[in-house]
Amino acid sequence: MPIAYAGFPFLSAILLSCVIGLVTILFMPAAQHRRIKMVSAVCSGITLVISIYLFLAYDKSAGGLQFAERIAWVPSLGISYFNAADGFSLPMLLLTGIVFFTAVLTMWELETRVKEFFALVFLLVAGVFGLFMAQDLFFLFVWFDVSLFPMYLLIAVWGSTRKEYAAMKLTLYLLAGSALILPGIIYLVVKSGLSTFDMLALMQPGTFTPFQQKLAFLLFFIGFGILAGVWPLHTWSPVGHVAAPTAVSMIHAGVLMKIGAFGILRVGIYLCPLGWQYWAPLMALLATVGIVYGVFVGLAQTDLKYVIGYSSVSHMGIVGLGLSTLTIDGLNGAVFQMFAHGVMTALFFSSVGYIYDRTHTKAIAELGGLSHSMPRAASFMILAALAGIGVPCLASFWAELMVFIAAFKVYPLYGTLAVCALVVSALFMLRVVQRTCYGPPRSRYAQLPDVSFKLGIPRIILATVIITFGFFPSLMYTMIQTASLPLMGGLPW
Amino acid sequence: MTIPVPPDTLTLTAALLAVLLPLLSFGMIMLVFRHRRRLCARISIGAVSVSLLCALFLLIDHWHLNTPIRHTATWMVSGRITVSVGFLLDPISLLMLTIVAAISFLVQVYSLGYMAHDPGFSRYYGFMSLFAWAMLCLVISPNLLQLYIFWELVGLSSYLLIGFWYQKFSASTAGKKAFVMTRLGDVAFFLGLLLVLFNLGNLDILEMNAGRMPLNIPPATITLAAVLIFGGIIGKSAQFPLLTWLPDAMEGPTPVSALLHSATMVAAGVFLFGRLFPFFSQSSGAMTFFLFTGTTSMLLAATMAMVSRDIKQVWAYSTISQLGFMIMGLSAGGYAAGIFHLTTHAGFKALLFLCSGVFIHIFETNDMFAIGRAGGRRLKVPMACMAIAAAALAGLPPFSGFFSKEAIMGQLAQMANPLWLAAGLLGAFLTAYYAFRLIFVILFPRRDDTDRPPQNAHAAHAGNDGHRRAYRQMAVPLIVLATVTLVLGWGQAGLEAFLMRTAASVVHTAEAHPAAWLPYTALGLALAGILLAWVEFGRRRAAQIGFVERMPRVHRLFAERWYLDHFYRRFLERIIYGGISALCTRNDRRVIDGGLDALGRSTVAASRRLSLLHDAALQARMMLIFVVMALLSLYFLFA
Amino acid sequence: MVGWTAFGPELYTCFVLGGVFLVFSLLPANPRRDYVTAMALAAVGLGISIAGLHLTGDLFADTYHVDLFSQIFKIMLALGLLLAIYLCEHLRGIAPRRHAETYLLLTVCTLAMMMMVSAVNLLTLYVALELSSYSLYVLVSFRQPRTGGVRTAVRYFLIGASASAVMLFGLALLYGSCGTLDAATLMTLLPAAMGRPEVITGLTLTLGGIFFKLALFPFHFWAPDVYEGAANPVAAYIATASKVAAIAVLIRLVALGGQNVLLARALAVIAVITMTAGNLTAIVQQDLKRMLAYSSIAQGGYVLIGILSMTPAGYASTTFYALVVLLLKFSCFFVLVKVAAGGRNVAIDDLAGLHSSSPILALLLMMALFALAGIPPTIGFTGKLLLFTAAVQRGYFVLVLIAMFNVVISLYYYLRVIHAAYLRKPPRALPALNLALRDRLLAGVLVTFTVAAGIFPAPLIALAEAAVRVLG
């Protein structure tokens, strides 16, 4: 794989701005809420700008890993600080930048323990960014865990609805995943005989025997799969989504679940292609069950956030289905779906969060007629719901299209089932929209203010992204192709 | 396969203008000018009128075209799958383009009056533009995927417009129902599309129609693909069994019903049939299935229309019925006949709705008896126009419906099985009956003593200036459409020749030579229907009770839409909500989550037990030390 | 004279520290004087140990070996002593007149441990081990009220005595079959002789004495009682310095046997039982020190994983992990001592509101616990990574999986503590903890080191690898 080293360490600059944000906030007086928020907005804005720049500056004709930086870290163990971005990681970096920035802006009204909140969010996001750019297994795992453990406090302190239970469950469950990943990583590193954590070196064909690949891939699939919400390991996610505060739900469903899928892709598929092929039917089965199951459980939910939580399970199932097809289209669709779902769900959670902040309820039965009192908030929610249904010209459509095309070809039965789930998905999304936004105006919500311009900015950004990539999917697909084509060894057929 | 040619600059510009302006208008209205009502309407109408002009220009300019014109650009590429976007101009798309643009334009003008006082005026025009864009792009799609994309978008705008009055719970429910039911069909469509994609390698409509496929693909696959794609048509055109969403869709504003749910959007299904006619005709099994579906829908919907009191619902059922009739014509092999009926139907059905809209707007009721009692007949223009349109619907000469219906009847007469023709003729009778039932009810009301003289009717004539202007704004499109209904029939020969121009090589329509008795029979049955309606509703002493209403069980059956909705509700409640969904939810809570929690609990329980062990007496602990060490020694001894 | 220089740290500890406190214990009680002197002298002692890092040599008829390995551990021990003394500032759990004696015993114990890590004759080792144990028995008994302290000490002593008995029996077996207790000679003999049951049994039973120190199954029963019953600084000393010494000796002893599969298997079983029992039992503990005791037991299990891989990498990782245990356990006890009012024990619930009464302590506690659970980017993660890598290299993959699941279990009770510190509201509003500047500085240094050493572990790893190279 070609590597282009960066003249300027852009990738490290992203991490650095997270760390600077974290440290600055830690040394600021806790009472200066406004300043802390400003610092957060600026630092997260820098990460967004850099990730947009990288997305645009990536040389698609050259492909491969670009903006690479490598420093030997622990030479005796073969650990190096090795960051680089390719067509798979750049969409994820962009997604993280977008969701991070918008999440910070969404929490502009936070008043409790502001300093700690933003500090933890910075820590979490640093981990996410780091994971998406890491090319070294050691650092990849470090970032993985760094992005997980702030979740405990973020949910348990600032959350709602059974927050302590949810936080504990989520943390233990996800770390149980990492309890599989770490042995898997060590196993591969040791068995390679190269004593290096460098993924590029480990990725050479013939490094691992088929058995080793099967074993390691299974570990990675389960370990990362927990985070990706693979059925039946998904139950932490709706509970966690519901309990988490708005920004954390956004980051969580928007970015964190993608880490799981990305981990399967980056570690599992790249290092253990034979294991991937071997386990693909299982992946496809679980993904399909997840897609169908998610929509049906979502149908029965009475809590707004639970509905979105289960729709995430279903949508992440689509990612899994794409990955399991072993085709370029499936991979393309899966990665695009990761991006599209991230933005969509972030918008969804930010809208629901706003509604919850104002009405103090998430129960669908108690809501209604919000299009009257807060038309803008309702519009954002409707847009998110439509994106979730897979309406054309919104980003998710293209992702789902490609995954379904690939899935139908490789697994006709699963593909058909997944496509049929679209109907139920439409049913429950529209049901939610109808019960919350439509219907006669309710007097008790009549006086509630609509989304102000300031709070509207993050939502407008997310909506713009959804629509932009809906109209210009090739922006994303040409990027993803640069990674998926070499991975699959050129064009099929 | 005819090799398409690229467009010249003028054509390209006109086509792009025609389809892109409404999108621009949608964006501007929704994002920028939402608070300026009048400007929104102007932008939208301006955009659609340019579209109309471009469409007319294209139609006239290419009236004599011999090869289709195609222009495509790549939208996105993934692997070997290229999604392209562009336009294909051939007779059917040119014709449809003009119909859509024209009716959109007329309806939008009409809405100036109809929606004048609605708080969601700008939103309405925004959605209308969205619809116009999606529909125009749909009809010119050169490939099935683009068609599918805009097919979905059309469904979306339908959802938004049906639920336009979102404060009405029934409206948003109807919108949801429409979306989900058409989605059901669309899923089949999508699967069929994938089937074609994998067998043909691409989704180009001309290639699908070229008829080269049977060489390498088993006929069963083609039949399956055709039936699946037809699923989309069933959903969109509200055919049996997915027909119940359309009457509910009447919850939307009446102009929306006129535009989307009678003339254009629901006709997209039939248009798709026409579009893929050569492809579909490759499978005779599938064609028979389509014929059956069309016939069933046609008759079922006609029976439902016979008993409805809601003026819009009658026309909605009628739409289903007529769409079924078109599908009958198409699947009987009458390509030109089917499309011609689509054209004429678009005109007179839009007219029917718009006329009804005037009544509804002024009398604020949907009930035809109430409108009649309120003095509906005093509104001369809409009353006359509605009568003309009803005559066209019933198939009376010299109105357009007569010609197109006769063409389809002729086609049905060609079928070996006479049952289809009989069904068609029965349909003609029923159609005439329910159309004129409505006309007579409004025209010859039976006054109750309790009724007060209508005030709004007076207001319409002598009332304030605003109402008068609204009325006038609504009347203009009516007159235009009525004129079209009057004259379009004479253009039959020209239009059919135009339609067959590029399709002749692939559409092997046996030239219909209907028996001489057929037009007279059809006409006679239509007249019989009208006569029956007159006897029951029109004459002075008529009780205004139809013969169906005298049979309570049949009446109930028809009024309850043959219990289709009951079935769906049951299905949803029992199978979806009460069955699968509840099962999955319980599994999630009890089995998966419960299992996890049990794991956690048992860990803690184990911990408690171990903790007790650790508090055991000192002797026991020391015993354990020696036992363990002894065991270790033994292990080494024997290992 | 060179030989005596090599003995420098021990000499200093023995004569200067020991001498001074012997004198002090005879003088009238003066806690402040004792504390300041102890801090100063222990700091100098740490300096001397560091200065002696690169000393080498053999002493006392080759029964005492000074090399990089032993010197590194001596630094850790001197550090452990210093830190333990640091916690004795108020020393409320022990009567003021016994403070000087406490410092004396701590010193003696440290001296004994220093000798343990250098001892290359198993008899020397045994004597040093007993000396350190006896100091601890007495230290534990100092806890007020004395009745409780003595009861705990007796229990401790009884189990310790059994362990000694087992160890002596093992030594006897070894001597009987090999004819020597000299490590260098044994190292040449043992790998070949390990096939003989009495040899391997002898070695295992000898290890029993160390198992006791490290609180490994089945010798772990004393730990919860002693941690709970001992004065807080003493418990801290037992949890840190004492563990470090035990780890060093364990490495030396196991290294004697070369690579023996049978022994490794036995150790693996012990490791699994130890960590599972430790982690599982810790879940329901209410007393923070008891919980830390079980967590220590579990850590002992992890340590064993590194040792049983019986490779230089395994020993190096264990050496690294010794430092990890020292620092992290100390961090926990530091918080505990600062929170404990009047030298009492601390229940987990007592930590409620720590987050607001002292953010830095809460942060330190959280970092230490996450590090103990092996969450990156902390030193604890690096330590576990090294341990597990070494084990996987020898094919103990399943063992590593089990250990990782133990880590997940352990996270549950660590999170309980963090939950109490960060989320629980105290029943009554607590006054802000009055921390001296040096306390805050120390906490800051500990947090920084925990993270920094996790991110930049290379120098420490290199040192650990160099240390085990001398084991041959």
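**Chain contacts and helix packing in a predicted model**

Let me begin with one residue, A:Ala85, whose place is in strand S3 of chain A, residues 79-85, where strands (E, at least two residues) and helices (H or I, at least four) are DSSP runs numbered from the N terminus. Residues are numbered from 1 along each chain as its sequence is written, and chains are lettered from A and ligands numbered from 1 in the order in which they are written.

Is A:Ala85 buried or exposed? A:Ala85 is buried, because 27 other C-beta atoms lie within 10 Å, and the cut-offs are 20 or more for buried, 12 or fewer for exposed, and partly exposed in between, with C-beta atoms placed from the backbone. Leaving aside residues up to four places away in sequence, A:Ala85 touches A:Leu11, A:Leu54, A:Leu65, A:Gln66, A:Phe67, A:Leu90, A:Leu93 and A:Met133, a contact being two residues whose C-beta atoms, placed from the backbone, lie within 7 Å. A:Ala68 is 17 residues away from A:Ala85 along the chain, and their C-alpha atoms are separated by 6.9 Å.

Now to the helices of chain A. Helix H2 (residues 33-57) and helix H3 (residues 89-106) of chain A pack at an angle of about 155 degrees, with 8 Å between their axes; axes here are lines fitted to C-alpha atoms, for helices over the stretch in contact, and angles run from 0 to 180 degrees between N-to-C directions. That makes H2(A) roughly antiparallel to H3(A), given that angles over 145 degrees count as roughly antiparallel, under 35 as roughly parallel, 65 to 115 as roughly perpendicular and the rest as oblique. Among the residues that make this contact are A:Leu54 of H2(A) and A:Leu90 and A:Leu93 of H3(A), and the contact divides into 13 nonpolar, 7 polar and no charged residues. In that count Ala, Val, Leu, Ile, Met, Phe, Trp, Tyr, Cys and Pro are nonpolar, Asp, Glu, Lys and Arg are charged, and the others, Gly among them, are polar.

A second pair is helix H11 (residues 246-271) and helix H13 (residues 304-324) of chain A, which pack at about 20 degrees with their axes 11 Å apart, and that makes H11(A) roughly parallel to H13(A). The contact of H11(A) with H13(A) has 8 nonpolar, 2 polar and 1 charged residues.

Turning to the interfaces, which residues does chain A share with its partners? The contact between chains B and A takes 38 residues from chain B and 43 residues from chain A. On the side of chain B that touches chain A, H6(B) gives the largest share, 14 residues, and that side divides into 24 nonpolar, 8 polar and 6 charged residues.

The contact between chains C and A takes 26 residues from chain C and 24 residues from chain A. Helices H17 (379-393), H18 (397-422) and H20 (458-469) of chain C are the elements that give two or more residues to the side of chain C that touches chain A, with H18(C) giving the most, 12 residues. By class, that side of chain C has 22 nonpolar, 3 polar and 1 charged residues.

Key: Predicted model: local features only at pLDDT ≥ 70, side-chain atom pairs only at ≥ 80, totals over all residues.
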